[in-house]
Amino acid sequence: MRKSWNDYFMEITQMVASRSTCDRAFVGCVLVNKDNRIVSTGYNGSVSGQPHCTDVGHHMRDGHCIATLHAEMNALLYCAKEGISVKGCKAYVTHFPCLNCTKSLIQAGITAVYYQNNYRVDDYALQLLDDHQIPYIQLTNDDTGEK
């Protein structure tokens, strides 16, 4: 049986997450346009040219590793650097986006967020997504419906 688009992109997102260089959370993001083409990918990792957490350890502040760019930001920033529009794209993410990533996804024109893991889901992030009528849909291994 042929995979659904949601299953296909979530599996790719999990593969992208395996490249993460901050081992506190292996997070991947795939941005997909309306034609179901991948526009960009991103994973948790250090700023280009900086040492990776997996090599030198974490730079912790207030319970967060501040050396790491989040997967969603890496996917968005690649597009910004290369002049690629993400307006109208969907985001597939292994973990629910943090508040700052949620704000960035909204501002960039993302139209839906598909995620697998509930991780520190912020009430204000949910409110912003609702206010902007952006669906956020949890996908599990055995279910591709809305949660």
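N117 is partly exposed, at 30% relative accessibility. Here buried means under 20% relative accessible area, exposed means over 50%, and partly exposed lies in between (1.4 Å probe, protein chains only). The model is predicted, with local features needing pLDDT of at least 70 and side-chain atom pairs pLDDT 80 or more, while totals for chains, interfaces and linings use all residues. Residues are numbered from 1 along each chain as its sequence is written, and side-chain values use heavy atoms, without hydrogens or water.

N117 lies in strand 8. Helices (H or I, at least four residues) and strands (E, at least two) are DSSP runs, numbered from the N terminus. Leaving aside neighbours within four places in sequence, N117 is in contact with T94, H95, F96 and Q138. Contact means heavy atoms within 4.5 Å. N117 and P97 are 20 residues apart in sequence, and their C-alpha atoms are 9.7 Å apart in space.

UniProt, in an unreviewed entry, lists residues 4-129 as "domain: CMP/dCMP-type deaminase". UniProt positions follow the numbering used here, feature names are shortened, and annotations may be inferred rather than shown by experiment. Over residues 4-129, the chain is 37% helix and 25% strand. The end C-alpha atoms of this stretch are 24 Å apart.

The largest nonpolar core has 24 residues. Such a core is a set of buried Ala, Val, Leu, Ile, Met, Phe, Trp, Tyr and Cys residues, joined through side-chain atoms within 4.5 Å. L31, V86, L105 and I110 have the most contacts inside this core. At least two of its residues come from each of strand 1 (28-32), helix 3 (71-82), strand 7 (90-95), helix 4 (99-108), strand 8 (112-117) and helix 5 (123-131). Another core, of 10 residues, lies apart from it and includes M10, Y92, A112 and L139.

L105 touches L31, E72, L76, A91, P97, I110 and V113, not counting residues up to four places away in sequence. One of these partners, E72, is charged. E72 is found in helix 3. E72 is buried yet has no salt bridge. The nearest side chain of opposite charge, R120, is 12 Å away. Lys and Arg count as positive and Asp and Glu as negative, while His and the chain ends are not counted.

The structure holds 2 salt bridges. A salt bridge is a side-chain nitrogen of Lys or Arg within 4 Å of a carboxyl oxygen of Asp or Glu. Side chains of opposite charge can pair when their charged atoms come close. E11 and K3 form one of the bridges, at 2.7 Å from N to O. E11 is partly exposed at 39%, and K3 is partly exposed at 46%. K34 forms a salt bridge with D35, with the closest N and O atoms 4.0 Å apart. K34 is exposed at 71%, and D35 is exposed at 52%.

A disulfide is a pair of cysteine sulfur atoms within 2.5 Å. The sulfur of C89 is 7.1 Å from the closest cysteine sulfur, in C79, and so is too far for a bond. C98 is also in no disulfide, and the nearest cysteine sulfur, that of C101, is 3.7 Å away. C89 is buried, at 1% relative accessibility, whereas C98 is partly exposed, at 25%.
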